[in-house]
Amino acid sequence: MRSDPRSLVDVAVQVAGQAADLVKSTRESAVARIDTKSSITDVVTAADRESERLVRALLAQLRPGEPVIGEEEGGTAAVEGLTWVVDPIDGTVNYLYDIPHYAVSVAAQLDGESVAGAVVEPVSGRVWTAARGHGAYLDGRPLRVSSETRLEVALLGYGFAYRAERRQRQARTWAGMATRVRDMRRAGAASLDLCAVAAGRLDAYAEHALGRWDWAAGALLAREAGAVVLLPGEAPELGADATLAAAPGIADALRAALVECGFGEV
């Protein structure tokens, strides 16, 4: 089997695309069957599970023997070798409410680092892709992060954790940040927020408590488009589970402002 990054992207696109078709076509029946996970606000639908099962089945055919980590059925990242990381629906709450901002994310990681990824939007059909060392693309068009250098006119994407007590602490941070940037956006799908940084639609994005499946493809897109990307565990002052992606011109200022606003203590 070929394992160069661009060949792996082709696999990710094929698999994520088929899963996206399933997610879109089964929404009406899928949202009638929901459960909760870490809290009452952390939902999972039948389509989340069916999408992940489809992705696993397709990868077993196309890439037999390679391990898979998925949001719904788990798995463990290989210390060595190739692992697939899957978010069967990123933005499940949006999906539940029929807000058309959700995606299927599939990435290949080598020794724990993303080398290829695809993020497919079921409603619009947009396909975001990246291969390590080969750039990031939206529907085949190359992407580049914004050239913004002033934090005070930057557009910041952000998110909230599911547990109420942590949301309260996060709210204080975001209230502090609101006076330091042009504006802020809470869209509800981490993979697409990271893609938005890659496309220059957001100048930066920061969030806590993401799973590997949330960032595996999107963070690669942001990095390949030129963003400064910090993944969980890489910036202790931001918190052990912090993820940050930012245009290079504002990355240092944003990092300092987040620390001052208590981002690392939420």
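**Group meeting: sheet, cores and salt bridges**

Hi everyone, let's start with a strand pair: β10 (residues 155-158) and β11 run parallel and are joined by three bridges. Helices and strands here are DSSP runs (H or I of at least four residues for helices, E of at least two for strands), numbered from the N terminus, and two strands pair if DSSP finds at least two bridges between them. Within this pair, Leu156 has Met184 of β11 as its bridge partner.

A quick word on where this comes from. This is a predicted model, in which local features need pLDDT of at least 70 and side-chain atom pairs count only at pLDDT 80 or more, while totals for chains, interfaces and linings use all residues. Residues are numbered from 1 along each chain as its sequence is written, and side-chain values use heavy atoms, with hydrogens and water left out.

Back to the sheet. It is open, with five strands in the order β11-β10-β12-β14-β13 and mixed pairing. Which strands stand at the edges? They are β11 (183-185) and β13 (228-230); each has a single partner strand, so one side of each has no neighbour in the sheet. From one strand to the next, the twist averages 15°; axes are lines fitted to C-alpha atoms, for helices over the stretch in contact, and angles run from 0 to 180 degrees between N-to-C directions.

Two helices come in here. Helix α6 (residues 190-199) packs on the sheet and touches β10, β12 (204-208) and β14 (242-246), where contact means heavy atoms within 4.5 Å. The direction of α6 makes about 155° with that of β12. Helix α9 (residues 248-260) lies across β10, β12, β13 and β14, and runs at about 145° to β14.

Now for the cores. A nonpolar core is a set of buried Ala, Val, Leu, Ile, Met, Phe, Trp, Tyr and Cys residues joined through side-chain atoms within 4.5 Å. Buried means under 20% relative accessible area, exposed over 50%, and partly exposed in between, with a 1.4 Å probe and protein chains only. The largest core has 35 residues, and those with the most contacts inside it include Val119, Trp128, Leu143 and Trp215. Which element supplies the largest share of this core? That is α6, with seven residues.

On one hand, β4 runs parallel to β3 (residues 68-70), with three bridges, and Val68 has Trp84 as its bridge partner. On the other, β4 and β5 run antiparallel, joined by seven bridges, and Val86 is partnered with Val106 in β5.

Last topic, salt bridges: a side-chain nitrogen of Lys or Arg within 4 Å of a carboxyl oxygen of Asp or Glu. By this rule there are eleven. How exposed or buried are the partners in three of them? Arg63 and Glu66 have their closest N and O atoms 2.9 Å apart; Arg63 is buried at 4%, and Glu66 is buried at 16%. Arg126 and Glu121 come to 3.0 Å, with Arg126 partly exposed at 31% and Glu121 buried at 3%. For Arg150 and Glu148 the distance is 3.8 Å; Arg150 is partly exposed at 45%, whereas Glu148 counts as buried at 18%. Thanks, everyone!
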